[in-house]
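Visitor: I would like to learn how to read the features of a model like this one. Please give the general idea each time, and then the case at hand.

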Amino acid sequence: MSSTRARTALITGGSRGIGLAIARGLLREGVRVALVARGVEELATRKSELGGDTVVVAGDVTDAKEIDRVVAAVGAAFGGMPDILVNNAGIFIPKALDVLTSEEYERMITINLIAPFFLLRAILPTWKAQGNGQLITIGSVADRTIYPDNGGYSASKFGLRAMHEALRAETKGSGVRTTLVSPGAVDTPIWDTVVLPKENRFPTRDKMLTSDAVADAVVWAALRPANVNIDELRITAT
Ligand code: NDP
């Protein structure tokens, strides 16, 4: 970003998987990172791995009040709002709509769609006032493509893409940048808890993308010059 090169980034779900890989990638480029997740111990481990300058704040992104507390804590640690927000935290429950429970549907919508809005809302006014800032949204190939056994997840990610694109339309020319990164299956701990559907269409984990491949794309988009917006990157394994 030349004179406005990003110095700080808040990454939700930064304690493992794709979020952690993004944190490592941005750190390598000299960007200070703040990781937000619920697990206190895992965050403490990451802080000692990544270095003392790393900010970790435990919190549940589904709770609007928690978000205000988390963003204030990150802002205090950085001495201002983060230059980059990576809306990454998410969950995945692949089930047919007649099997998916109301609670599971609601949980996916809350974490994958509503929480990213809470985060954005807490930071956007500052970005608009200062004329810079970058939202990086981690979507999914399922934010545009429909697969069976994926109704709840796809609903959340289609919605997330819509919110992201609306922001792009609303901030065009303002200096605020927006990048949607939509990967296919990525080998992360998310798969440890996924109960695969009967008609399993997913690749084995050794055939999935790595978290580092997604992080590379995010870091590249984040480091473009201030007058360049990378609208969208869709990434799949060969
Ligand atoms: P992981 O399950 O590996 O990591 C999820 C991260 O989010 C953890 O740090 C977790 O920490 C945090 N998190 C989960 N729920 C909350 C919450 N309520 N509040 C705060 N933090 C939370 O996931 P991935 O890295 O695989 O996925 C990251 C993103 O990438 C998601 O949005 C996912 O939809 C998307 N994606 C993933 C793909 C894949 O195949 N892995 C493919 C395409 C997109 P904690 O549990 O401690 O809160």
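Guide: Start with pairing: two strands pair if DSSP finds at least two bridges between them. Helices (H or I, at least four residues) and strands (E, at least two) are DSSP runs, numbered from the N terminus. Here strand E6 (residues 176-183) pairs with E7 in the parallel sense, over four bridges. In E6, Ser182 stands opposite Arg234 in E7. This is a predicted model, in which local features need pLDDT of at least 70 and side-chain atom pairs count only at pLDDT 80 or more, while totals for chains, interfaces and linings use all residues. Residues are numbered from 1 along each chain as its sequence is written, and side-chain values use heavy atoms, with hydrogens and water left out.

Visitor: In what order do the seven strands of the open sheet run?

Guide: The order is E3-E2-E1-E4-E5-E6-E7, with parallel pairing. Strand E3 (55-58) and strand E7 (232-235) each have a single partner strand, so one side of each is left without a neighbour in the sheet. From one strand to the next, the twist averages 15°.

Visitor: Which strands does helix H3 touch?

Guide: Contact means heavy atoms within 4.5 Å. Axes are lines fitted to C-alpha atoms, for helices over the stretch in contact, and angles run from 0 to 180 degrees between N-to-C directions. Helix H3 (residues 64-78) packs on the sheet and touches strand E1 (8-12), strand E2 (32-37) and E3, with its direction at about 165° to that of E3. Helix H7 (residues 211-222) also packs on the sheet, touching strand E4 (84-87), strand E5 (133-138), E6 and E7; the direction of H7 makes about 165° with that of E6.

Visitor: How much space lies in the largest pocket?

Guide: On a 1 Å grid over the protein atoms alone, a cavity is a set of points where a 1.4 Å probe fits but cannot get out, and a pocket is an open set with protein on both sides within 12 Å along at least five of seven lines; lining residues have an atom within 4 Å of a point. Grid points are joined across faces, edges and corners, and a volume is the space filled by probe spheres set on the points. The largest pocket holds about 1200 Å³. It is lined by 48 residues, of which Gly90, Ile91, Phe92, Thr188 and Ile190 are the closest to its centre.

Visitor: What is the volume of the largest cavity, and which residues line it?

Guide: Its volume is about 40 Å³. The lining consists of Thr12, Val61, Asn87, Asn88, Ala89, Ile111, Ala115, Pro116 and Leu119. Helix H4 (residues 102-130) gives the most, with four residues.

Visitor: Is Asn88 buried or exposed?

Guide: Buried means under 20% relative accessible area, exposed over 50%, and partly exposed in between (1.4 Å probe, protein chains only). Asn88 is buried, at 11%. The residue lies in the loop between E4 and H4. Leaving aside neighbours within four places in sequence, Asn88 is in contact with Thr12, Gly13, Ile18, Gly19 and Ile138.

Visitor: What is phi of Asp149?

Guide: Most residues other than glycine have a negative phi. Phi of Asp149 is near 60°, a positive value in a residue other than glycine. Asp149 is found in the loop between E5 and H5.
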